[in-house]
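User: I am new to this structure. Please show me how to read its features, one at a time.

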Amino acid sequence: MKILISACLHGQPVRYDGQAKTLDHPLVARWREEGRLVAICPELAGGFDTPRLPAEIEWGMTGADVLAGRARVLESGGRDVTAAYLDGAKAALDLARQTGCVAALLIDGSPSCGSRAIYDGTFSGVKHVGEGVTAALFAAAGLPVFSHLEVEALAEFLREA
């Protein structure tokens with residue numbers, strides 16, 4: 001069973017700051033060796049470069065609000081980058097479907113991939129409960145999402161699938 005994984009967790013330097021956030025976990029290493037991981041950065045798939053300005057969902061809202069047109073994703077400089085986030089989320093979902101992924105393992109905190117907590121839109125380092133645009137689209141499409149802190153829960157899900 002294939003697992004879609006945030007490219008930054010897979011060791012690729014694709015985060016807004018040009019860094020990776022490699023997930024060093026024995027289960028992830030095993031899945032990598034077995035060829036089960038499908039890596040994508042939804043932000044790069046949406047047309048962004050690395051590095052790039054940080055972005056957050058405005059007004060303490062969530063990816064579901066962005067999908068519904070009630071909120072925007074804004075860069076720290078104020079530019080509206082919502083369309084690129086939506087494009088990247090759609091590209092990630094398309095890849096997950098094309099490759100037969102049964103779940104996603106995404107970096108938490110990101111305005112794309114966050115699945116449990118994201119930043120509140122003030123660029124002050126404050127997080128709140130909520131999901132990013134890609135995580136919200138995956139959830140709406142029925143693709144289970146696990147944060148990088150939930151590897152064991154993902155493994156349990158895979159055992160039961």
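**Reading the fold**

Analyst: Start with helix α6 (residues 151-160), which lies across β1, β5 and β8 and runs at about 175° to β5. Helices (H or I, at least four residues) and strands (E, at least two) are DSSP runs, numbered from the N terminus. Axes are lines fitted to C-alpha atoms, for helices over the stretch in contact, and angles run from 0 to 180 degrees between N-to-C directions. This is a predicted model: local features need pLDDT of at least 70, side-chain atom pairs count only at pLDDT 80 or more, and totals for chains, interfaces and linings use all residues. Residues are numbered from 1 along each chain as its sequence is written, and side-chain values use heavy atoms, leaving out hydrogens and water.

User: In what order do the four strands form the open sheet?

Analyst: In general, strands of a sheet pair through backbone hydrogen bonds, either parallel or antiparallel. Here the order is β2-β1-β5-β8, with parallel pairing. The edge strands, β2 (37-40) and β8 (145-147), each pair on one side only. Two strands pair if DSSP finds at least two bridges between them. Strand β1 (residues 2-6) has four bridges to β2. Serine 6 stands opposite isoleucine 40 in β2.

User: Which strands does helix α4 touch?

Analyst: Contact means heavy atoms within 4.5 Å. Helix α4 (residues 82-98) packs on the sheet and touches β1, β2 and β5 (101-106). The direction of α4 makes about 165° with that of β2.

User: How many aromatic pairs does a search of the whole structure find?

Analyst: A pair of aromatic rings is described by the distance of the centres and the angle of the planes. Rings of Phe, Tyr and Trp (its six-membered ring) pair if their centres lie within 6.5 Å; planes under 30 degrees apart count as stacked, over 60 as edge-to-face and the rest as tilted. The search finds two pairs. One joins phenylalanine 146 and phenylalanine 157: the centres are 5.6 Å apart and the planes at 50°, so this pair is tilted. Phenylalanine 146 lies in strand β8 and phenylalanine 157 in helix α6, so the pair ties together parts eleven residues apart in sequence.

User: Is phenylalanine 146 buried or exposed?

Analyst: Buried means under 20% relative accessible area, exposed over 50%, partly exposed in between (1.4 Å probe, protein chains only). Phenylalanine 146 has 11%, so this residue is buried. Phenylalanine 157 has 26% and is partly exposed. In helix α5 (residues 133-141), the buried residues include Val133, Leu137 and Phe138.
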